[in-house]
Amino acid sequence: MPLYDATDRAILERLQHDGRIANVDLADAVSLSPSACLRRLRALEENGIIAGYRAELDRARLGLELTVFIELKAERHSQETSERIERALTAISGVVACHVISGHSDFLVEVAVPTLAAYERLLLDRILAIPSVIDARSTFAIRTVKSRGPLPLDHLAPRRDDR
């Protein structure tokens with residue numbers, strides 16, 4: 001991992017809170033010239049630290065009232081089985097996150113759907129139809145308190161004001 005300094009950390013923290021900030025405003029916020037800030041920003045993008053930019057949408061306002069976490073168990077453990085399940089899950093509309101996990105289950109999948117009936121169709125017709133998936137356990141979110149919060153960056157470098 002490349003070394004990141006307090007300025008890189010400040011850029012990353014600011015972008016996590018406002019990904020649409022203009023470069024001139026970002027530069028001002030981190031005490032750099034706009035050209036120096038843009039160079040650092042491009043380097044963070046090229047190194048893959050900044051993976052992309054996107055709009056965060058409001059699920060409820062889009063009619064996606066139901067968030068469900070599904071623990072999936074695979075029939076046998078192999079790289080081929082895992083890759084097949086991963087490909088199938090990432091192709092399903094409604095799957096918003098998927099993690100390979102340890103413990104009782106092998107995958108933890110987050111889905112966003114408009115209704116319980118839509119969830120039932122997704123589960124029965126798409127997820128349980130994936131070869132090698134042998135069990136699914138669902139947990140329904142009552143309310144989301146925090147979603148996609150900013151990543152902690154304390155381990156990278158001290159902030160300017162931490163010194």
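Modeller: Buried means under 20% relative accessible area, exposed over 50%, and partly exposed in between. The model here is predicted.

Biologist: Is Ser132 buried or exposed?

Modeller: Ser132 sits in the loop between helix 5 and strand 4. Its relative accessibility is 9%. The cut-off for burial is under 20%. Ser132 therefore counts as buried.

Biologist: What is the phi of Ser132?

Modeller: Most residues other than glycine have a negative phi. Ser132 is not glycine, yet its phi is positive. The value is near 85°.

Biologist: Is Ser31 buried or exposed?

Modeller: Ser31 also has a positive phi, near 60°. It lies in the loop between helix 2 (23-29) and helix 3. Its relative accessible area is 57%, and the cut-off is over 50%, so Ser31 is exposed.

Biologist: How are helix 1 and helix 3 placed, relative to each other?

Modeller: Two packed helices are described by the angle between their axes and the distance between the axes. The axes of helix 1 (residues 6-17) and helix 3 (residues 34-46) come within 11 Å and cross at roughly 80°. Angles of 65 to 115 degrees form one class. The two helices are therefore roughly perpendicular.

Biologist: How many residues in the contact of helix 1 with helix 3 are nonpolar?

Modeller: Helix 1 brings Thr7, Asp8, Ile11, Leu12 and Leu15, while helix 3 brings Cys37, Arg40, Leu41 and Leu44. Of these, 1 is polar and 2 are charged. The nonpolar count is 6.

Biologist: How many residues does the largest nonpolar core have?

Modeller: In soluble globular proteins, nonpolar side chains tend to be buried together. Residues with the most contacts inside it include Ile70, Leu89, Val109 and Tyr119. Its total is 20.

Biologist: How many residues are in the second, separate core?

Modeller: Its members include Leu12, Leu26, Ala27 and Leu156. Leu12 also takes part in the contact of helix 1 with helix 3. The second core has a total of 15.

Biologist: What is the relative accessible area of Tyr119?

Modeller: Beyond its neighbours within four places in sequence, Tyr119 is in contact with Leu66, Val68, Ile70, Val111, Val113, Ser138 and Phe140. Tyr119 is buried. Its relative accessible area is 4%.

Biologist: What is the geometry of the pair formed by the rings of Tyr119 and Phe140?

Modeller: The structure holds 1 aromatic pair. The ring centres of Tyr119 and Phe140 are 5.5 Å apart, and their planes stand at 80°. Over 60 degrees sets the class. The pair is therefore edge-to-face.

Biologist: How many residues apart in sequence are the parts that this pair ties together?

Modeller: Tyr119 lies in helix 5, and Phe140 lies in strand 4 (residues 133-140). The pair therefore ties together parts whose separation in sequence, in residues, is 21.

Biologist: How far apart in space are Phe140 and Val111, C-alpha to C-alpha?

Modeller: Phe140 is partly exposed, at 36% relative accessibility. Setting aside neighbours within four places in sequence, its contacts are Leu66, Thr67, Val68, Leu116 and Tyr119. Phe140 and Val111 are 29 residues apart in sequence. Their C-alpha distance is 9.8 Å.

Biologist: How far apart in space are Ala117 and Asp25, C-alpha to C-alpha?

Modeller: Ala117 lies in helix 5. At 39% relative accessibility, it counts as partly exposed. Ala117 and Asp25 are 92 residues apart in sequence. In space, C-alpha to C-alpha, the distance is 46 Å.

Conventions
Residues are numbered from 1 along each chain as its sequence is written. This is a predicted model: local features need pLDDT of at least 70, side-chain atom pairs count only at pLDDT 80 or more; totals for chains, interfaces and linings use all residues. Side-chain values use heavy atoms; hydrogens and water are left out. Axes are lines fitted to C-alpha atoms, for helices over the stretch in contact, and angles run from 0 to 180 degrees between N-to-C directions. Helices (H or I, at least four residues) and strands (E, at least two) are DSSP runs, numbered from the N terminus. Angles under 35 degrees count as roughly parallel, over 145 as roughly antiparallel, 65 to 115 as roughly perpendicular and the rest as oblique. Contact means heavy atoms within 4.5 Å. Ala, Val, Leu, Ile, Met, Phe, Trp, Tyr, Cys and Pro count as nonpolar, Asp, Glu, Lys and Arg as charged, and the others, Gly among them, as polar. A nonpolar core is a set of buried Ala, Val, Leu, Ile, Met, Phe, Trp, Tyr and Cys residues joined through side-chain atoms within 4.5 Å. Buried means under 20% relative accessible area, exposed over 50%, partly exposed in between (1.4 Å probe, protein chains only). Rings of Phe, Tyr and Trp (its six-membered ring) pair if their centres lie within 6.5 Å; planes under 30 degrees apart count as stacked, over 60 as edge-to-face and the rest as tilted.
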